[in-house]
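We will go from one selection to the next.

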Amino acid sequence: MTKERAGKLMRLATWAAVGVATSLVVAKAFAWWLSGSVAMLGSLTDSSLDLAASLVTMFAVKMALLPPDDDHRFGHGKAEALAGLFQAAVMTGSAVFLMLESTSRLANPVVPERSDLVMAASVLAVVLSLCLIMFQNYVVRHTRSIAISGDHLHYKGDLLLNASVIASAFISDTGFPYADGIFGVLIGCYILYGAYDVVRPAIDMLMDKEFDEQAREQIFNIVMSNPEVRGLHELKTRSSGRDRFIQMHIEVPGNMTVQAAHVIADEVEATLGENFPDTEIFIHMDPPSPQSDDLTVRELMREDDA
């Protein structure tokens, strides 16, 4: 998929998320106002933070898709990671507020009114979230956007959250007044768990974490499959939004001309590009080192990591 096509998909996903979140906030606020359900308040809180996160995601995606400029030679992809940190901070604050409110409701249980409205709003949320999740899953699979992936996680969790609200309203109707507070606490715990899942990849990107071991080994195998390459060292990898970067030193015969060595580097770069699309590859050429012929790929990887 071309960068232009991927960019359009990412922008469309952000608009779809904002539209769904706005609809759910309005519906759930109406249901909570009439019912007083703390479980519905938890679901409303989650949808509100989804709306805030989706708005931030919209801005982050717009920024991340800007081309490199004189001040940002590697592009603006890390704007997605910054959006992820904001999302996690909002989620954590909302979860703490909800758990405090739910604990108070457990101490002084109240049976919510208009449970029919609570369930109707939750059913609407399940339907809209399911449609959005299916589209976001398609976008994430084709763009690898960490910002869209974070939004995808929010709305995927909404299916469980709204199912919990429906269960809370149903159980409360049977005369068990503690169900509302219990489900509120459970929803708060889920939001905290979701915040951790959002912040972890964002921090990895900001800290320039290496590709996983499988991807690094794949890079080694591709490079070393070229018969003219004698060795490989100083492999460094990182991600910035949907863009990825690979840099390395390859070892070629010392008596080879610069032009011939450059041809080999071009061949290696082309082969890597086929397996790692949307990746900038930097290759430096060196003469063979004495230990190149004696080290296996895994040993070279361990030596680079050391």
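## Start with the first helix

Select α1. This helix has 33 residues and reaches 47 Å from its first C-alpha to its last, close to the 48 Å expected at 1.5 Å a residue. Bear in mind that you are looking at a predicted model.

Now go to the residue that follows α1. Gly-36 sits there, and its phi is positive, near 75°.

Step back into the helix and pick Trp-32. It belongs to α1, which covers residues 3-35.

Together with Trp-32 they form a nonpolar patch, with about 470 Å² of accessible area.

## Zoom out

Color by secondary structure. The chain has nine helices and three strands. Trace them along the sequence and the pattern reads α-α-α-α-α-α-α-β-β-α-β-α.

Of the 306 residues, 44% count as buried. Among contacts between residues at least 6 apart in sequence, 76% join residues at least 24 apart.

## Into the cores

Hide the surface. Select Ile-219, Val-223, Ile-246, Met-248, Ile-250, Leu-272 and Phe-276. These have the most contacts inside the largest nonpolar core, which has 20 residues. Which elements supply at least two residues each? They are α7 (213-224), β1 (231-240), β2 (243-251) and α8 (258-275).

Center on Leu-272. Leaving aside residues up to four places away in sequence, Leu-272 touches Ile-219, Ile-222, Val-223, Met-248 and Ile-281.

Then select Val-18, Leu-51, Met-58 and Leu-132. They are among the 14 residues of another core, which lies apart from the largest one.

## Last stop: a glutamine

Pick Gln-136. You will find it in helix α4, residues 115-143. Why does Gln-136 count as buried? Its relative accessible area is 1%, and buried means under 20%.

Show what surrounds the side chain and backbone here. Not counting residues up to four places away in sequence, Gln-136 touches Ala-17, Ile-148, Asp-151, His-152 and Tyr-155.

Notes: Residues numbered from 1 in each chain as written. Predicted model: local features only at pLDDT ≥ 70, side-chain atom pairs only at ≥ 80, totals over all residues. Heavy atoms only, no water. Patch = residues over 30% accessible without salt bridge, like charges linked within 9 Å, V, L, I, M, F, W, Y side chains within 5 Å. Areas by Shrake-Rupley, 256 points an atom, 1.4 Å probe, with all protein chains shown as cover. Salt bridge = Lys/Arg side-chain N within 4 Å of Asp/Glu carboxyl O. Helix = DSSP H or I, 4+ residues; strand = E, 2+ residues; numbered from the N terminus. Core = buried A, V, L, I, M, F, W, Y, C linked by side-chain atoms within 4.5 Å. Buried < 20%, exposed > 50% of the residue type's maximum accessible area, 1.4 Å probe, protein only. Contact = heavy atoms within 4.5 Å. Expected span 1.5 Å × (residues − 1).
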